[in-house]
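This report is for a reader who has not seen the structure before. Please look over the sequence and the model, then read on.

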Amino acid sequence: MKPVSELLKRHDSAAWRTSPDTSVFDALATLAHFEVGALMVMDGDRLVGFLSERDYTRKVALQGKNSKEMKVSEIMTPDVMTVTPQTHTRACMSLMSQRKFRHLPVVDGDKVVGMISIQDLMDDIINEHEQTIDQLTSYIRS
């Protein structure tokens, strides 16, 4: 498996962010705009939390609260598990499976460099398998 830094080259996930003072409604619009299921919550350049669709459904929608009146800081997950660009994708898969989450922010020292999702990992595995099949097929035919 490869390091996470290779997956980050495929999209600009560093843009998938919101601030703690943003309304939940506006954060949902950002989720929809980027067509993602989670956002990093940033206070300037500092990662302070994580907001997922699950946070919204469990803490707003199911409780009958108003997303236009609530701030992201009220429903975000404050303790964020992160990985580094050097973390291998297999370790990320294991972590996501054990902890039952689908997104991981990637930090290099104090700097947030992006986010990966379980979909990124699955796409990478499928791509690797397809390459292996192509190589084996080519070998057999030669």
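Does E35 count as buried or exposed? At 72% relative accessibility, E35 counts as exposed; exposed means over 50% relative accessible area, buried under 20%, and partly exposed in between, with a 1.4 Å probe and protein chains only.

## Basis of the model

The model is predicted: local features need pLDDT of at least 70, side-chain atom pairs count only at pLDDT 80 or more, and totals for chains, interfaces and linings use all residues. Residues are numbered from 1 along each chain as its sequence is written, and side-chain values use heavy atoms, with hydrogens and water left out.

## Helix α2 and the residue after it

Helix α2 spans residues 24–34, and V24, A27 and L31 are buried in it. Helices (H or I, at least four residues) and strands (E, at least two) are DSSP runs, numbered from the N terminus. Seen down the axis, the buried residues of α2 fall within an arc of 60°, so they line one face of the helix; the arc is that of the directions from the helix axis to the C-beta atoms. A32 and H33, on the other side of α2, are exposed.

The cover over the buried residues of α2 includes β1 (17–18), β2 (38–43), β3 (46–52), α3 (53–59) and α4 (72–75), where contact means heavy atoms within 4.5 Å. E35 follows α2 and lies in the loop between α2 and β2. Most residues other than glycine have a negative phi. E35 is not a glycine, yet its phi is positive, about 55°.

## Helix α5 and the residue after it

Helix α5 covers residues 89–99, with T89, C92, L95 and M96 buried. R90, S97 and Q98 are exposed residues on the face of α5 turned away from its buried side. Among the elements that cover the buried residues of α5 are α1 (4–8), β4 (103–108), β5 (111–117) and α6 (118–141).

K100 follows α5, in the loop between α5 and β4. K100 is not a glycine but has a positive phi of about 60°. With a relative accessible area of 63%, K100 is exposed.

## The largest pocket

The largest pocket holds about 370 Å³ of space. A pocket is found on a 1 Å grid over the protein atoms alone, as an open set of points where a 1.4 Å probe fits, with protein on both sides within 12 Å along at least five of seven lines; lining residues have an atom within 4 Å of a point. The volume is the space filled by probe spheres set on the points, which are joined across faces, edges and corners.

Of the 17 lining residues, F50, S52, T77, K100 and F101 are the closest to the centre of the pocket. At least two lining residues come from each of β3, α3 and β4. α3 gives the most, with 4 residues.

How many aromatic pairs does a search of the whole structure find? The search finds 0, with rings of Phe, Tyr and Trp (its six-membered ring) pairing if their centres lie within 6.5 Å. The charged end of K68 sits over the ring of F25, 4.7 Å from its centre; this requires NZ of Lys or CZ of Arg within 6 Å of the ring centre and within 35 degrees of the ring normal.

L136 is in helix α6 and is partly exposed, with a relative accessible area of 49%. L136 and R54 are 82 residues apart in sequence and 42 Å apart in space, C-alpha to C-alpha.

Methods
Phe/Tyr/Trp six-rings, centres within 6.5 Å; stacked < 30°, edge-to-face > 60°.
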